[in-house]
Structures are given as C-alpha cells and as structure tokens.
Amino acid sequence: MSAPRIDALVLAAGRSLRAGGPNKLLLPWQGKAVAAHAVDAALASGVNTVHVVTGHEQASLQDVLNGRSLHWIYNPNYPDGMGSSISAGVGELPADLDGMVLCLADMPWVSAAHIDRLIEGFSPDAVRVACFGSRRGHPVLFPREWFAALMQLTGDDVARCLFDNLATAVVEVPMADDAVLRDVDHKEDLLRVSA
C-alpha cells in the first residue's frame, strides 16, 4: 500500500492583535523569523507540499520566507479570523490529497518530529491532534473526509468549533514536550525556556 499523500497548511495571515505591536510572525528568534521556524519544521517533515496562508503583511512574510519551496495562498478575508484562513487554504489544496496537517505559524517550537508523529499513525477515519498531558494543541492532522467541514469555518474560535463537531473522531497523539501547546502572543514569549 502506498504512503498517504499529506500536505501541510501553515496559517500565517493573522494581524497579531494580541501582540500589541509589530507582527509577531516577523519577530527574530534564533537567527530567523518566528514564522520561518514553523515553515521550516513543515518542510523538514514527511509532508509533500507546504502551503502558507497569508493575509496581514503578506509581502513582508514572503520576504522572510524567501528561497523556500512553498505554495502561497492569499486570504483576502483574513480580518474575519482564523476560520476564514483555514477555509481559504483548504479550498486550494490538491484534489488527490489523503490528508492535511494544520500548522500555526506562531508556534516556533513545533518540530518536524511532532508533525511526523501525527503522520505515522494516519487513518482516513480520524483526526489526529497533538497533545501534551491532558491538553490538546497543534498541529492537527485532518483526513480528506473533513475538508468540506473545514471550508465552512468562520471566526476565531476554531478549536471549539472543530472539536465540538468532531466528537469521538479525534485521536489524541501524546508528544514528549509542551511545544505543541506554546505559541507566541508577545515578544516576551520568545524568552521563555522550554521545560
């Protein structure tokens, strides 16, 4: 049996409103922009293609991610929230995919190993979500069966909308560290040391 064809969808369209200053995705950390860490993790993983959904400050984001083999997707409705970016991204995925790993560009601690751990147990019947302890985080691996539902998402309360609707179809995949729970809201978050 051939390996499942899985792409990554990296959400990088937000306005960084909680950051209260510059675009958090463009902040420098360990030699490159925050978003570059998330994108490079996806590129180093077992996915086929990495799609990046942009919106706010698209040109600046493309500049810091220059030279990488990426498929760019622009979401003109990015002010409407994360749901609109998921919908825009899923709408441009190839028709022959078996699944998609949803990644957030403001999670620079997530590695290729986290993504690959989700992919290793792929099932066309279940959503696989990274978790640490009793908490669910990101990334999340969605089989094609859920793409239509993802395209209907709106607003920012995406996690509740997703998991309330998925109910028992979620498989929690334990991770060895809390990287899958940690995102960047403020510049100070980059100073935290991983447990």
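I take a contact to mean heavy atoms within 4.5 Å. I note at the outset that the model is predicted.

**Entry: the chain as a whole**

I found six helices and nine strands in the protein chain. The chain has 195 residues, and buried residues make up 51% of them. I recorded an accessible surface of about 9,100 Å², with 50% of this area belonging to carbon and sulfur atoms.

**Entry: the cavity**

Rolling a probe the size of a water molecule over the atoms shows where empty space is left. I asked how many cavities of 30 Å³ or more the count gives. The count comes to one cavity. I noted a volume of about 60 Å³ for the largest cavity.

I then listed the residues that line the largest cavity: A38, A41, C103, L104, M107, V110, I115, H138 and P139. The elements that give two or more residues to this lining are α1 (34–44), β6 (99–104) and β8 (135–143). By type, I sorted the lining into eight nonpolar residues, one polar residue and no charged residue.

Two of the lining residues, H138 and P139, are joined by a cis peptide bond, with omega near 10 degrees. I placed P139 in strand β8.

**Entry: helix α4**

I115, which lines the largest cavity, is also one of the buried residues of helix α4 (residues 112–120). Which part of the helix do the buried residues line? Seen down the axis of α4, they fall within an arc of 165 degrees, so they line one face of the helix. On the other side of α4, I found A113 and E120 exposed.

I also looked up what covers the buried residues of α4, and the cover includes β1 (6–12), α1, β6, β7 (127–132), β8 and β9 (170–174).

I located H37 in helix α1. Is H37 buried or exposed? Its relative accessible area is 12%, and the cut-off for buried is under 20%, so H37 is buried. Leaving aside neighbours within four places in sequence, I found H37 in contact with W29, Q30, K32 and P108.

Q30, one of these contacts of H37, is in the loop between β2 (28–29) and β3 (32–33). I noted that Q30 is exposed, with a relative accessible area of 62%. Q30 has a positive phi of about 50 degrees, although Q30 is not a glycine.

**Entry: E57**

I recorded a positive phi of about 50 degrees for E57, which is not a glycine. E57 lies in the loop between β4 (50–54) and α2 (58–64). With 34% relative accessibility, E57 counts as partly exposed.

Not counting residues up to four places away in sequence, E57 touches N23 and L26. I also checked E57 against R15, 42 residues apart along the chain, and their C-alpha atoms are separated by 8.2 Å.

**Entry: S85**

I found S85 in helix α3 (residues 82–90). Its relative accessibility is 5%, and S85 counts as buried. Leaving aside neighbours within four places in sequence, I listed the contacts of S85 as L11, A13, V53 and N75.

Terms used: Residues numbered from 1 in each chain as written. Predicted model: local features only at pLDDT ≥ 70, side-chain atom pairs only at ≥ 80, totals over all residues. Heavy atoms only, no water. 1 Å grid on protein atoms, 1.4 Å probe; cavity = no way out; pocket = protein on both sides within 12 Å on 5 of 7 lines; lining within 4 Å. Points joined across faces, edges and corners; volume = space filled by probe spheres on them. Helix = DSSP H or I, 4+ residues; strand = E, 2+ residues; numbered from the N terminus. Nonpolar A, V, L, I, M, F, W, Y, C, P; charged D, E, K, R; others polar. Buried < 20%, exposed > 50% of the residue type's maximum accessible area, 1.4 Å probe, protein only. Arc of directions from axis to C-beta. Areas by Shrake-Rupley, 256 points an atom, 1.4 Å probe, with all protein chains shown as cover.
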